[in-house]
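Work through the exercises below with the coordinates open. Each task is followed by its solution.

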Amino acid sequence: MKPEDRRALQNLLAVLDKSNINHTIMSSDVWTENRLSFFSLPFATKRIPSGNNWRWNQSRAKKEIYLQQYNAQVVIAKLIARKTKASDTAPNYKLWQFTVTFLYSKREPLVVLWCEKGRKETEPLHSDVSSLCSTQEPSSKLYAAKISFICN
């Protein structure tokens with residue numbers, strides 16, 4: 001395992017011992033540096049919020065490891081921000097995605113995102129997310145709820 005993989009895994013191990021993990025609502029908060037976000041269902045990388053001019057990209061092959069102390073199978077993916085065709089740059093963000101499956105246990109599967117490099121807690125939201133906050137009427141109430149959550 002590479003040193004950066006071990007460092008990322010240490011962040012996961014620190015939270016697996018907790019019995020009470022609060023699941024997160026998917027939002028651009030996942031790109032806040034050092035933020036751990038928890039989800040109960042797996043999702044495609046394209047479902048992780050990104051900016052207008054960049055998206056998340058898996059940087060290399062996923063790694064699968066077994067954690068004996070938790071009797072769990074973990075799939076680790078390193079994601080980086082990648083510019084889209086319309087942009088010249090992308091932010092220097094790095095996100096780790098852990099998909100944890102507990103074997104022979106009643107414990108529910110868990111997806112954990114850890115942002116190693118991202119928006120600082122004190123920085124305002126990235127401009128391309130802020131641009132979603134407008135006075136235009138949203139196309140659906142669900143969309144309005146998601147945007148309201150991000151903008152407020």
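Ring pairs join W31, W54, W56 and Y93 into a cluster; rings of Phe, Tyr and Trp (its six-membered ring) pair if their centres lie within 6.5 Å, with planes under 30 degrees apart counted as stacked, over 60 as edge-to-face and the rest as tilted. The model is predicted: local features need pLDDT of at least 70, side-chain atom pairs count only at pLDDT 80 or more, and totals for chains, interfaces and linings use all residues. Residues are numbered from 1 along each chain as its sequence is written, and side-chain values use heavy atoms, without hydrogens and water.

**Exercise 1.** Classify the ring pair W31 and W54.

Solution.
- The structure holds 6 aromatic pairs.
- For W31 and W54 the centres are 5.1 Å apart and the planes stand at 70°, so this pair is edge-to-face.
- W31 sits in the loop between α1 and β1 (36–39), and W54 in strand β2 (residues 54–58), 23 residues apart. Helices (H or I, at least four residues) and strands (E, at least two) are DSSP runs, numbered from the N terminus.
- W31 and W54 are both buried, that is, under 20% relative accessible area (1.4 Å probe, protein chains only).

**Exercise 2.** Classify the ring pair W31 and Y93, and locate both residues in the chain.

Solution.
- The ring centres of W31 and Y93 are 5.9 Å apart with planes at 40°, so the pair is tilted.
- Y93 belongs to the loop between β4 and β5 and W31 to the loop between α1 and β1, so the pair ties together parts 62 residues apart in sequence.
- Relative accessible area is 0% for W31 and 10% for Y93.

Terms used: Buried means under 20% relative accessible area, exposed over 50%, partly exposed in between (1.4 Å probe, protein chains only).
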